[in-house]
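Please read it alongside the coordinates.

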Amino acid sequence: MAAPLELSCWGGGWGLPSVHSESLVVMAYAKFSGAPLKVNVIDNTWRGPRGDVPILTTEDGIVSQPAKILNFLRKQKYNADCELSAKQGADTLAYIALLEEKLLPAVLHTFWVENDNYFTVTKPWFASRIPFPLSLILPGRMSRGALNRILLTRGEPPLYHIQEVEAQIYRDAKECLNLLSNRLGTSQFFFGDTPSTLDAYVFGFLAPLYKVRFPKVHLQEHLKQLSNLCRLCDDILGSYFRHGPMGISPAGPEMIDVNLRKLTQLVNKESNLIEKMDDNLRQSPQLLPRKLPTLKLTPAEEENNSLQRLSP
Amino acid sequence: MSLVAEAFVSQIAATEPWPENATLYQQLRGEQILLSDNAASLAVQAFLQMCNLPVKVVCRANAEYMSPSGKVPFIHVGNQVVSELGPIVQFVKAKGHSLSDGLDEVQKAEMKAYMELVNNMLLTAELYLQWCDEATAGEITHARYGSPYPWPLNHILAYQKQWEVKRKMKAIGWGNKTLDQVLEDVDQCCQALSQRLGTQPYFFNKQPTELDALVFGHLYTILTTQLTSDELSEKVKNYSNLLAFCRRIEQHYFEDRGKGRLS
């Protein structure tokens with residue numbers, strides 16, 4: 001299946017390949033399943049407010065929503081779920097529904113409706129990437145779309161007012177984060193050691209919340225206290241998005257092993273050098289016996305010093 | 001309800017035991033009630049039966065307007081009114097009855113996730129079928145929804161409700177779906193439920209929980225309601241363990257207790 005697949009989506013920032021949740025979901029899934037995806041960062045799009053971003057362009061046509069894009073990739077044999085049992089597949093569907101019902105309204109609110117956040121972070125970011133004059137119109141449209149969605153799904157008639165639902169949606173979102181954290185526990189990914197669709201969705205929703213700098217941050221603070229979810233985001237970012245969103249980085253697990261090996265080698269080298277330094281000092285007659293220099297120097301400096309001394 | 005009001009209500013709820021004259025209000029069973037409302041009402045009835053709490057079902061034409069949140073069913077207990085399954089479960093828990101106490105944290109998370117799945121997919125699909133599918137909307141829904149009111153109020157209210165539902169569908173991205181795609185989603189949802197249920201009697205093995213009540217409410221209503229086409233019930237009938245599950249709950253909680261008929 002070497003057909004060139006092109007994904008059009010919003011660009012990245014704050015260390016993320018994309019700031020838009022749904023685009024992140026698709027990108028993460030593509031990395032997990034090994035699909036060769038060429039990412040095309042778009043900016044001047046009328047499709048944004050209609051919810052059509054991200055879009056996958058294939059030789060047969062256009063596929064638009066994340067769920068449909070994932071189905072399409074699965075049909076092309078790029079499947080990240082092949083090791084899951086039937087029950088785990090059912091659980092995936094259920095947890096994705098939980099994310100969309102409980103977490104998404106709060107994420108939309110934090111990005112698009114909360115005035116401080118919207119005017120200082122979200123609007124300038126999107127407006128800077130959309131050419132004039134659309135930059136005057138599109139962010140406002142997206143904000144109104146988000147508010148609409150929150151009110152229609154959570155607001156209670158006859159008073160469709162945002163204040164009444166704010167407390168409720170943040171409470172639900174915190175509960176949802178707690179549930180996810182409980183489910184993840186101490187394992188590396190949700191279903192064992194290899195990432196799957198659920199990891200892609202969780203990463204897509206949580207990573208922007210985790211990384212983007214906001215003025216009003218109580219949901220972000222709550223997320224930062226759940227260290228296993230933060231660790232999951234960092235792991236995925238570090239191993240799958242290391243070379244940036246444009247290139248295709250090598251498969252994740254191998255990178256993790258290489259890093260681990262490098263780290264162990266470094267630690268071993270340091271401890272060897274520390275021992276050698278200690279021996280040198282003890283044998284040298286001019287120096288007064290004193291405390292081990294390792295306690296004073298930082299390991300990096302010491303290693304540099306030792307390397308300079310040892311190299312011919 | 002705001003957070004303060006909720007805390008206040010649950011404090012009050014905790015002090016009184018369940019009264020004998022608790023009532024559940026829904027729309028008129030024969031002529032007015034729609035598929036989605038019937039499913040919700042049945043889910044609440046099943047839940048209360050499972051908790052062994054007596055409740056009388058009363059049908060009123062204006063039940064939707066009486067409800068504090070605009071959704072049926074709602075229960076009137078003592079001097080409090082609570083609507084929808086989620087708040088009712090919490091209210092009943094404040095009174096000391098709970099079906100999910102025996103579950104550990106991970107299982108509780110799963111239960112909540114599956115309840116959201118049912119709400120997200122099954123309920124939305126039911127709403128779509130009733131209001132956005134022209135054939136069903138024209139033949140069945142409009143006639144039923146407006147039946148207690150004189151002309152022209154019946155048409156106005158029906159169109160207003162349809163407009164609201166269509167707006168909601170568009171906001172969540174279901175506006176462009178075709179009926180076939182919606183039925184496929186229903187199939188996926190039923191497959192997930194069937195796989196989770198497996199061969200167990202209830203979703204969390206021996207004891208039923210609110211998830212069982214919710215799933216029973218929706219599936220039973222889908223199976224027994226006559227629509228313009230049978231596609232929706234056919235999708236559910238493909239999964240035999242779900243059919244057995246519905247039958248089991250019906251027999252155990254509704255017929256044995258002498259309730260006899262269900263909607």
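What volume does the largest cavity have? In this predicted model, the largest cavity has a volume of about 40 Å³. A search of the whole structure at a threshold of 30 Å³ or more finds one cavity.

**Cavity**

- The lining of the largest cavity consists of A:Thr110, A:Glu114, A:Asn117, A:Tyr170, A:Lys216, A:Val217, A:His218 and A:Leu219.
- By class, the lining residues of this cavity are three nonpolar, three polar and two charged.
- Rolling a probe the size of a water molecule over the atoms shows where empty space is left.

**Sheet of chain A**

- An open sheet in chain A is built from four strands in the order β2-β1-β3-β4, with mixed pairing.
- Strands β2 (37–41) and β4 (61–63) of chain A are at the edges with a single partner strand each, so one side of each has no neighbour in the sheet.
- On average, neighbouring strands of this sheet are turned by 25° against each other, direction ignored.
- Strand β3 (residues 55–58) of chain A runs antiparallel to β4(A), and three bridges join them.
- A:Thr57 has A:Ile62 in β4(A) as its bridge partner.

**Helices on the chain A sheet**

- Helix α1 (residues 21–33) of chain A packs on the sheet and touches β1 (5–9) and β2 of chain A. The direction of helix α1 of chain A makes about 150° with that of β1(A).
- Helix α2 (residues 66–75) of chain A also packs on the sheet, where it touches β1, β3 and β4 of chain A. The direction of helix α2 of chain A makes about 35° with that of β3(A).

**Strands of chain B**

- Strands of a sheet pair through backbone hydrogen bonds, either parallel or antiparallel.
- In chain B, strand β1 (residues 23–26) and strand β2 (residues 56–59) pair in the parallel sense over four bridges.
- From β1(B) the chain passes through helix α2 (residues 35–50) of chain B to β2(B), a β-α-β crossover that is right-handed.
- The bridge partner of B:Thr23 in β3(B) is B:His76.
- β3(B) in turn runs antiparallel to strand β4 (residues 80–83) of chain B, with four bridges joining them. B:Ile75 has B:Val82 in β4(B) as its bridge partner.
- β3(B) and β4(B) form a hairpin with two residues between them. In the turn, B:Gly78 has a positive phi of about 65°.

Definitions and conventions: Residues are numbered from 1 along each chain as its sequence is written. Chains are lettered from A and ligands numbered from 1 in the order in which they are written. This is a predicted model: local features need pLDDT of at least 70, side-chain atom pairs count only at pLDDT 80 or more; totals for chains, interfaces and linings use all residues. Side-chain values use heavy atoms; hydrogens and water are left out. On a 1 Å grid over the protein atoms alone, a cavity is a set of points where a 1.4 Å probe fits but cannot get out, and a pocket is an open set with protein on both sides within 12 Å along at least five of seven lines; lining residues have an atom within 4 Å of a point. Grid points are joined across faces, edges and corners, and a volume is the space filled by probe spheres set on the points. Ala, Val, Leu, Ile, Met, Phe, Trp, Tyr, Cys and Pro count as nonpolar, Asp, Glu, Lys and Arg as charged, and the others, Gly among them, as polar. Two strands pair if DSSP finds at least two bridges between them. A crossover is right-handed if, with the strands pointing away from the viewer, the path from the first strand over the helix to the second runs clockwise. Axes are lines fitted to C-alpha atoms, for helices over the stretch in contact, and angles run from 0 to 180 degrees between N-to-C directions. Contact means heavy atoms within 4.5 Å.
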